[in-house]
Amino acid sequence: MPLPHDLRQLRREVTGLVLLALAAMVGYGVTLGMARSEHDTSRRDAAAWFRIGERQLAEGRIDDALWSLRRASTIDRGDRRYGVALGRALTAAGRPDQAERILRPLRLEAPGDPEINLELARIAAARDAVDDAVHFFHSALFGVWPDESADARTRIRLELSGVLLRHGRTEAALGELAALGTTMPDTVANHVAAARLLASAGDADRALTGFRRALRLDAEHQDALAGAGEAAFALGRFAEARRLLAQLDEPSLQLAARRDIAALIVSGNPLAPRLSTAHRRQRLAAALDRARTRVRDCLAGTTLQPSVRARLLAAQAAAEAPKASSRGGRDSMERVERDFERAYALEQAADGVCPATPLDAALLAIGQRREQALP
Amino acid sequence: MSEAPNPAATPEAVARERRVFLALTLLIGVLAGLSAVLFSLSINAATRTFFGFSPSGWRLLLVPPLVSLVTGVLLARVFPGVRGSGVPQTKASFHLAGGVIPASVPFGKFVTGVLCIGAGHSIGREGPSVQIGAGLASAIGQRLGLSPARIRELVPVGAAGALSAAFNTPVAAVIFTLEEIIGDMNATLLGSTVLASVASVIVARSILGNEPLFHVPEYQLVGPAELLAYACLGVIGGLVSVVFCRGLLGMRLWFRRLPARTATFQPAMGGVVIGLTLVVVPQVMGVGYEYVDQALNGGLVWTTMLTLLVVKLGATIVSYASGNAGGIFAPSLFVGAMVGGVVGTAVAEVAPFATGDPGAYALVGMGTLFAGIIRAPMTSVFMIFEITQDYQILVPLMVANLLSLVISRRFQPVPVYHALLLQDGVQLVPGDAGASPQAPLSR
């Protein structure tokens, strides 16, 4: 018996809907599979662009790197590494505003991500927003590093110290360097970097200690030798400075001059202890003679300003004036010191105005060191 | 849900038909969403197949014309109704053909769309998605033996579902369907389109995740004076819209006037031009959303944006006018972002007041060109809002949209979709009046 029209229509519609539902389920499965495959391929593409971009960045091809890293971060937005790398490249390209626009939203997603905080810290530092920089540096320091690397934290603290020093916050920088303490991995690079910062902060004593630690690990490390030599020189340890700087294979002009000055100080310091009277007198005479010659030659020039000339003449007159104590003929240490003061006064007057030789620099250094030692 | 009762039917039959229609709306939403997602994924796969990871110059030069030779045959001989965007054809089907779309249309549009866009033509995937979704809905309705009124009602349902998934913008999809396909913001089909749009976007998000189409920083109006700058953007956007529409229609007319025997080869002619273009400016390949994203995030310098604006405009005109299967949604957003980026950079240089980032202008520029070219200002506003989730940008967007729309209307009185249909000999009057359903709907 044939079904009524309504029932046939109903059966047709229900069958149709069921078939459609089945088709939708199959279609969903197919589409989902294809989407996952597409997702995997996109991730691979993004990773490849990322690698290319990192390589280009390392090679200094900033524009190419920007192109590649943008592709990576656009293709796979889920991987924050690409955004961070793009931010780094933008900063390197001198576009910190754009870098910040990329990194800020990433930080909202992952406030503790050390890489993001580090990049933001660098941008803030470049903008002279030191407080922001310190905040981001600390966030990076206390963030969770993938391998819990003390090395990474050391690098950040060193970088932060450098930023603080560049912005005149010496005390804070010294505090950060002190915080490195025993957690800093015992490597030459770390010791040299920390010691350099200490030297920049004016703490030559701790800088020398740091450079010595580096030299214990690698006795011929050129940067450590140079830094240690400079620090020793600043501390007035001229013999040690000469010894350290003499070990440099290819010293810069400045370091070579420093080495020569240190050598001259060691060989010509009239105030050095344990010298015979004759030897001391000989050194003193040489020092005084050199200082007088320098001023005399300088005055013979025609380009001096009147005020400078007057100052030099006054110093020359003071140096030539007979001293009451010298008439006694006693060759005491007191007399030696007074005579050296005359040479030092001449050198001070000529400093920065008259041409100088390494011996002049040595005499000045001896005088400055003596002044520092005086109560 | 709309009402389309048959006066002769029993109350039970009417109630049953409503329930079936409701279930069908949901299912069509799901299927339209799936079709849009699958279409997008297939285009990506085709692009990768044709061009590889980092294409050589030869590949860029040769792929578009060679693939277009194949699509030319398909478009001329196998699927003649699937050239171009698909939105005008869908409108015409809804208004003139009782919503009847042959089952071959969505299939043909899918295949040719994947090939054309995958081969690097500078056209978009959203228009084709609309035609695929609408075609699927119509074919299902016909297959199930629904009444002609119900079949017609399913067309905007499928269109809304597809567009919702294609853009991940469910509200804008509904507004577009009402504004552009139905042509009546008070249409009784609102409930059905909303349902399909929601079902579709849920499916799409469950597959692709809830990622917005573009990642945009929070932009806002810096000060009231900046509205002047956005007004300038609206004017410039309107003028660029007119250039785009006139260029597109003019070149399409030129292609149509070529001897009929060349129709098979016209897409390949466009392919030759696109191949040469891609060798020099590969960024204009395909949909190009990657570069829109970069412009929105301030990642492109103004010279690059100006170059992309000019080249994309020309490439889209050539790709579309030569009869390839693809839409103008994506190109209008691309060109708009570049216009906005260039204007934003210029404003930042010369304005005596504080201005926002060029990325903010690129965002508003997208909406401005969309309003000027597609003539769907409400869709534009809602779409940008759904993309950005940011109220702050809406005021400048509305100002710029309004001016763009006024200028576009002034210099290009016939909207581009209507003008395209007119070139095909179809006179479209909303409300079904005065047109021949037999008029050719190709291209």
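User: How many Å apart do the C-alpha centres of domain 1 of chain B and domain 2 of chain B lie?
Analyst: This is a predicted model, in which local features need pLDDT of at least 70 and side-chain atom pairs count only at pLDDT 80 or more, while totals for chains, interfaces and linings use all residues. Residues are numbered from 1 along each chain as its sequence is written, with chains lettered from A and ligands numbered from 1 in the order in which they are written. In chain B, domain 1 spans 11-208 and domain 2 spans 226-423, bounds that come from an automatic or database domain assignment. The distance between their C-alpha centres is 22 Å.

User: Which element gives the most to the side of domain 1 of chain B that touches domain 2 of chain B?
Analyst: Contact (C-beta atoms, placed from the backbone, within 7 Å) links 46 residues of domain 1 of chain B with 43 residues of domain 2 of chain B. Elements that give two or more residues to the domain 1 side include α2 (57-78) and α7 (170-182) of chain B; helices are DSSP runs of H or I, at least four residues, numbered from the N terminus. With 14 residues, the top contributor is α2(B).

User: How many nonpolar residues does the side of chain B that touches chain A have?
Analyst: Here 32 residues of chain B are in contact with 26 residues of chain A. α1(B) supplies the largest share of the chain B side, 15 residues. Counting Ala, Val, Leu, Ile, Met, Phe, Trp, Tyr, Cys and Pro as nonpolar, Asp, Glu, Lys and Arg as charged, and the others, Gly among them, as polar, that side has 7 polar, 6 charged and, for the class asked about, 19 nonpolar residues.

Key. Contact = placed C-beta atoms within 7 Å.
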